[in-house]
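Here's a quick briefing to read alongside the model. Have the viewer open and click through the residues as they come up.

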Amino acid sequence: MIDVNSIPVYEMKKIEKDDFMLNHMNSLTQYHLNNCVEYKTLMQKFGIISSSYSSMSEIPFLPVRLFKSFDLMSVLKEEIVKTMT
């Protein structure tokens with residue numbers, strides 16, 4: 001996991017920030033595809049699974065209301081340390 005405090009946000013150029021965000025979103029998306037059956041099924045139904053996306057607009061975003069209806073978890077329940085409500 002990345003330490004967000006170590007990111008030099010004010011020293012990075014916009015293109016560097018964009019690349020940084022895209023790389024981490026690609027990693028995060030792949031993590032959820034590999035660790036959450038429900039997420040993978042949803043992405044398969046949308047037909048938007050890719051091993052790597054070339055822009056932020058290609059990365060699938062989920063409506064927040066889905067989390068009210070489904071338990072979309074990429075970790076075991078015992079590993080959850082915080083819950084947002």
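This is a predicted model: local features need pLDDT of at least 70, side-chain atom pairs count only at pLDDT 80 or more; totals for chains, interfaces and linings use all residues.

**Overall layout**

- Going along the sequence, the pattern reads α-α-α.
- Taken along the principal axes, the C-alpha atoms fill a box of roughly 40 × 30 × 20 Å.
- The protein exposes about 7,300 Å², and 58% of that is supplied by carbon and sulfur atoms.
- If you take contacts between residues at least 6 apart in sequence, 47% of them join residues at least 24 apart.

**The salt bridge**

- The partners are Asp18 and Lys14, whose side chains meet with an N to O distance of 2.9 Å.
- Asp18 and Lys14 sit four residues apart in helix α1, so about one helical turn separates them.
- Asp18 is partly exposed, at a relative accessible area of 36%, while Lys14 is exposed, at 62%.

**The nonpolar core**

- In soluble globular proteins, nonpolar side chains tend to be buried together.
- Here, the largest nonpolar core has seven residues: Leu33, Cys36, Tyr39, Leu42, Met43, Leu66 and Leu72.
- Helix α2 (residues 37–46) gives the largest share of this core, three residues.
- Leaving aside residues up to four places away in sequence, Leu66 touches Leu42 and Leu72.

- Which residues of α2 are buried? They are Tyr39, Leu42 and Met43.
- Looking down the axis of α2, these buried residues fall within an arc of 95 degrees, so they line one face of the helix.
- The face turned away from that buried side carries Val37 and Lys45, which are exposed.
- The cover over the buried residues of α2 includes α1 and α3 (66–69).
- After α2 comes Gly47, with a positive phi near 70 degrees.

**Zooming in on Met43**

- Met43 is in helix α2 and counts as buried, with 1% relative accessibility.
- Its contacts, not counting residues up to four places away in sequence, are Leu33, Ile48, Ile49, Pro60 and Leu62.
- One of these contacts, Leu33, also belongs to the largest nonpolar core along with Met43.

- Asn26 is found in helix α1. Is Asn26 buried or exposed? Its relative accessible area is 9%, so Asn26 falls under the 20% cut-off and is buried.
- With residues up to four places away in sequence left out, Asn26 touches Ser52, Tyr53 and Ile59.
- Thr29 is found in helix α1 too, and it counts as buried at 4% relative accessibility.
- What does Thr29 touch, not counting residues up to four places away in sequence? The contacts are Tyr39, Tyr53 and Ile59.
- Tyr53 and Ile59 therefore turn up in the contacts of Asn26 and in those of Thr29, contact being heavy atoms within 4.5 Å.
- Tyr39, touched by Thr29, is among the buried residues of α2.

- Which residues make the nonpolar surface patch of about 310 Å²? Leu28, Tyr31, Val75 and Ile80 do.
- Tyr31 is found in helix α1, which spans residues 14–35.
- With a relative accessible area of 38%, Tyr31 is partly exposed.

Note on methods: Residues are numbered from 1 along each chain as its sequence is written. Side-chain values use heavy atoms; hydrogens and water are left out. A nonpolar core is a set of buried Ala, Val, Leu, Ile, Met, Phe, Trp, Tyr and Cys residues joined through side-chain atoms within 4.5 Å. Buried means under 20% relative accessible area, exposed over 50%, partly exposed in between (1.4 Å probe, protein chains only). Helices (H or I, at least four residues) and strands (E, at least two) are DSSP runs, numbered from the N terminus. Patches are made of residues with over 30% relative accessible area and no salt bridge: like charges are joined within 9 Å, nonpolar side chains (Val, Leu, Ile, Met, Phe, Trp, Tyr) within 5 Å. Accessible areas come from the Shrake-Rupley method with a 1.4 Å probe; for residues, only the protein chains shown count as cover. A salt bridge is a side-chain nitrogen of Lys or Arg within 4 Å of a carboxyl oxygen of Asp or Glu. The arc is that of the directions from the helix axis to the C-beta atoms.
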